[in-house]
Amino acid sequence: MQEFDPLVLLLSVLSVFAVFLINRWLGGFTPAHLNSKADALARLKLDYPAFEEQETVVGGDGKSAILAGAGGGIALVQAIGDRFLTRLLGPGDVKALSLEPSGNAGMQHLRLRLDDFTNAAFELLLSPETNGAAWHKRLAAFLDAPGQSVQEAGPHG
Amino acid sequence: MDNFFRDPVQLATPFFFLLILLEMAWIRRGGRGEYEPGDTATSMMMGLGNLVTTIAGAFVAVAAYLWVWQFRPFDIGFAWWAWVLCFVAEDFFYYVFHRAAHRVRWFWASHVVHHSSQHYNLSTALRQTWTNTLSLHFIFRMPLFLVGFEPAMIIFCAGANLVYQFWIHTESVGKMGNLFEGVMNTPSHHRVHHATNPRYLDANYAGVFIVWDRMFASFVEETAEDPPRYGIIHNLGTFNPLRVAFHEWIAMAGDIRRARGLRHKLLFFLAPPGWTPPDWTYGSRQTTDMIKAEWRAQTSKARQRALAGEPVK
């Protein structure tokens, strides 16, 4: 049976860090960015081809989008590194929900805390033209304990 | 007992690091593929953790192996033909394990880690589970001990099998000729295995020899019309190795806790990933069989034929 040398372990961790730095230095990757509603829908459709989109909002930073579907369904698209992940919300998937002014004129932050071990936080920067309150109301239907953990504020709240 | 269970994977690890750097440089010079630093670091940390946890848990597997070995009817020994036979037999039992790892949630909870990157490059090969021993993966190798192959030979062949599988995790290599593609597992065959395109789900479980997939009807050819999209059905939103390692175990434990009745609790262990009881209210999920059936129902026959069209060159 083999024993593990702590020095080998340390050198291995340092090697991983070195590869990480070399990867950053070499580049060749582009942080994921949503340029349009069509982008968000196309990415969602790869994972959920049956989703029938009715309304889409892409965040001001292009890092996330929220999509409303037929029958009250809600889907999320979110950047991670140079890729995206998608989620179709089910009952109880939202643990907390808030809508707050962002500091920029009329902009709002829609924040969700999800019952998702690998993706607990979702944030969307809403433009002044977006009806944040309506999205907030839609999302409240997915709270694990409706009426709780809801925080709503701001000019469109 | 020193070096009795010497694992070729540990000997090869420095070369893995070197080849990853070479592939990165190759891609920067126009080769096919992508590396993203967070994803790369996560994959490599998972590989490192796999080495540590495999060594830490080895006593469990070794105890089980040696217990079984005492009942062997033959002493096969170290003849050259025994090495060949052992390597081929070990690869067959790898196929059986790998198929179970995709079709039984208990094994998938461990194996999902390897599929959790949305990238496909040499670093993905190192993205390995930390819960091998917990998942009882080693039981699939026990028939080799029971028959009477030498333990050191089996361990070496298993390690050599994994070392072979390193280089096939790349987009930089296309098709490799009919003869080689017909017998061996190749980058093209394994890209299919890592893809989430409905047509590619649950295909190409081979380790070294693709013939097992051809024999047991799980082979799917990569086509240019259906480029692979990598990852899992429910992709991860984290680069945290701890969360990557344990996310499916935690999800499974939650499902078992919420399930009503012993039968449903057992099925959350044993049914395919994505299975839920008919009255399940904690989010709808799909098994790969359901995804494939839905895709076939929604996609015209002409489109299905087009996607299955010409093998990639």
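Let me begin with a definition: helices (H or I, at least four residues) and strands (E, at least two) are DSSP runs, numbered from the N terminus. What we have here is a predicted model, in which local features need pLDDT of at least 70 and side-chain atom pairs count only at pLDDT 80 or more, while totals for chains, interfaces and linings use all residues. Residues are numbered from 1 along each chain as its sequence is written, chains are lettered from A and ligands numbered from 1 in the order in which they are written, and side-chain values use heavy atoms, with hydrogens and water left out.

I will start with the interface. The size of an interface is often given as the accessible area lost when the parts come together. For chain A and chain B the buried area, that is, the accessible area (1.4 Å probe) that two parts lose on being put together, summed over both, is about 3,700 Å², and carbon and sulfur atoms give 64% of it. Chain A brings 34 residues to this contact and chain B brings 45 residues, where contact means heavy atoms within 4.5 Å.

How many salt bridges are there between chain A and chain B? The count is one, a salt bridge being a side-chain nitrogen of Lys or Arg within 4 Å of a carboxyl oxygen of Asp or Glu. The side chains that meet in it are those of B:Glu34 and A:Arg83, at 2.9 Å from N to O. On the side of chain A that touches chain B, helix H1 (6-26), helix H2 (37-47) and strand E4 (83-88) of chain A each supply at least two residues. Of the elements there, H1(A) gives the most, with 11 residues.

Let us stay with A:Arg83, which lies in strand E4 of chain A. A:Arg83 counts as buried, at 18% relative accessibility, because buried means under 20% relative accessible area, exposed means over 50%, and partly exposed is in between (1.4 Å probe, protein chains only). A polar atom of the A:Arg83 side chain lies 3.4 Å from the backbone oxygen of B:Gln118. Leaving aside residues up to four places away in sequence, A:Arg83 touches A:Ala32, A:Gln78, B:Glu34, B:Gln118 and B:His119.

Turning now to chain B, we come to helix H2 (residues 37-56), which has 20 residues and reaches 28 Å from its first C-alpha to its last, close to the 28 Å expected at 1.5 Å a residue; the expected span is 1.5 Å times one less than the number of residues. H2(B) is mostly covered, with 15 of its 20 residues buried. At the start of H2(B), a side-chain oxygen of B:Glu36 comes to within 3.0 Å of the backbone nitrogen of B:Gly38.

Two loop residues of chain B also deserve a look. B:Leu136, in the loop between helix H7 (132-135) and helix H8 (142-147) of chain B, has a positive phi of about 65° although it is not a glycine. B:Asn204, in the loop between helix H11 (187-194) and helix H12 (211-215) of chain B, likewise is not a glycine and has a positive phi of about 55°. Are these residues buried or exposed? B:Leu136 is partly exposed, with a relative accessible area of 37%, whereas B:Asn204 counts as buried, at 0% relative accessibility.

I will finish with B:His264, whose place is in helix H14 (residues 262-270) of chain B, and which counts as buried at 18% relative accessibility.

Note on methods:
Polar contact = N/O pair within 3.5 Å; in protein donor to acceptor, adjacent residues only side chain to side chain.
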